[in-house]
Amino acid sequence: MNPEEREELARLLPSPGEPVLTSDCHDLLKDHLMRELTEFRDFTEPAAPELPDSATAPRRRARAPRRRFAVIVVPLATAAAVVAAVLAGADGSRPATTDTDAVGLLNHIAEVAAAKKSVPVRDDQYVYVRTQGSMKFSDKDIRVLREASWTAVDGRRAGLRRVTVLVGPPFRPRDPFSSYSKGTHDMKLSPDPNVATFRELQALPTEPNALLEKIYADTKGEGQTQESEALEKIGELLPDATLLPELNAALYRAAAKIPGVSVVSDAKDYAGRSGIGLSFKELDGRTVWVFDKKSYDFLGSADEALLDVGVADKAGETPAA
């Protein structure tokens, strides 16, 4: 971050005090230590066969397999060494730290989000989300596409997924992935019990600590760490949450409580739009969330650009401006 940008952030934020280990951080360190003391990997188990490349929809990521755990006895000296490793980092580096500018930026983005007007939504309507991203079918076959989805507000009716492949092969007969050939394709979007409906999002707590605890509980046992899984979950909720100012603000404030966030002064989303970014060490590849530098609107990430969010009366219709 250059001096001018740091000075601009400083004007928005109160001066940071001396760092203090909060009770949340203390509990987090304790939980991490207990995981280190109880983790046991069965190295004699044969490795799972490598699966062939397959197409997955944008915004869908494969879950890592859950690890096995067993209680083991650890001498006191070894426990002390584990504590030191946790404090120093497994590779000898320092643990994930949080940039005070990044936390301040997240909280400022939350304030801007909370000040926006909520959008009235009826059960018979659809949440409209338009994105741009890519799908990897193989190392030599990566297709660029724009996707528009219409999801029933109450989650009880089928919606619509409209995919426009910008870069990809032409249609070929008997191609199992012909629905992702170059051009525009409509697909039925069936209700998915694993995807939260808009009404379920409305029911989420908007107090940041309570929201983060619920996200931790809902994603327990998934991913490499509870922090990385929570951040991934928050990222998945952000597009729809733009229609819910209080929840949107709470998601940013919850993310600010997870260590390892830093500011990226000049970031770009997948569509090439420039903005200010927030990088999270806990996310694979240091995923960067990108925000407009003036409005602080969420633009998406380097992996997927968020182009539009709104409410439509019918599937297939563009929301009224």
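Tutor: The discussion below sets computed values of this predicted model against the definitions of the terms.

Student: What does the secondary structure of the protein chain come to, and what share of the residues is buried?

Tutor: The chain has 8 helices and 9 strands. Of its 321 residues, 36% are buried.

Student: Why are α4 and α8 called roughly antiparallel?

Tutor: Helix α4 (residues 100-114) and helix α8 (residues 245-255) pack at an angle of about 175°. Angles over 145 degrees count as roughly antiparallel, and α4 and α8 are therefore given that description. Their axes are 8 Å apart.

Student: What makes the pairing of Asp218 with Lys214 a salt bridge?

Tutor: The closest N and O atoms of Asp218 and Lys214 are 3.3 Å apart. The definition requires a side-chain nitrogen of Lys or Arg within 4 Å of a carboxyl oxygen of Asp or Glu, so the pair qualifies. Both residues lie in helix α6 (residues 208-218), and being 4 residues apart they are separated by about one helical turn.

Student: Are Asp218 and Lys214 buried, exposed or partly exposed, and how do you know?

Tutor: Asp218 has 48% relative accessibility and Lys214 has 34%. Partly exposed covers values between the 20% limit for buried and the 50% limit for exposed, so Asp218 counts as partly exposed, and so does Lys214.

Student: How do you know that Asp175 and Arg172 form a salt bridge, and which class of accessibility does each have?

Tutor: The closest N and O atoms of Asp175 and Arg172 are 3.7 Å apart, and the limit is 4 Å. Asp175, at 13% relative accessibility, counts as buried, because buried means under 20%. Arg172 is partly exposed, with a relative accessible area of 40%.

Student: Which other salt bridges can be named?

Tutor: The side chains of Arg157 and Asp154 meet in one, at 3.4 Å from N to O. Arg157 is partly exposed at 27%, and Asp154 is partly exposed at 22%. Arg122, Asp124 and Asp313 are linked in a network of salt bridges. A search of the whole structure finds 12 salt bridges.

Student: What makes the phi of Arg174 worth noting?

Tutor: Most residues other than glycine have a negative phi. Phi of Arg174 is near 65°, a positive value in a residue other than glycine. Arg174 is found in the loop between β3 (159-167) and β4 (183-189). Its relative accessible area is 86%; exposed means over 50%, so Arg174 is exposed.

Student: Where is Tyr296, what is its phi, and is it buried or exposed?

Tutor: Tyr296 lies in the loop between β7 (288-291) and β8 (298-301). Its phi is positive, about 65°, although Tyr296 is not a glycine. With a relative accessible area of 13%, Tyr296 is under the 20% limit and is therefore buried.

Technical notes:
Residues numbered from 1 in each chain as written. Predicted model: local features only at pLDDT ≥ 70, side-chain atom pairs only at ≥ 80, totals over all residues. Heavy atoms only, no water. Helix = DSSP H or I, 4+ residues; strand = E, 2+ residues; numbered from the N terminus. Buried < 20%, exposed > 50% of the residue type's maximum accessible area, 1.4 Å probe, protein only. Axes fitted to C-alpha atoms, helices over the stretch in contact; angles between N-to-C directions. Parallel < 35°, antiparallel > 145°, perpendicular 65-115°, else oblique.
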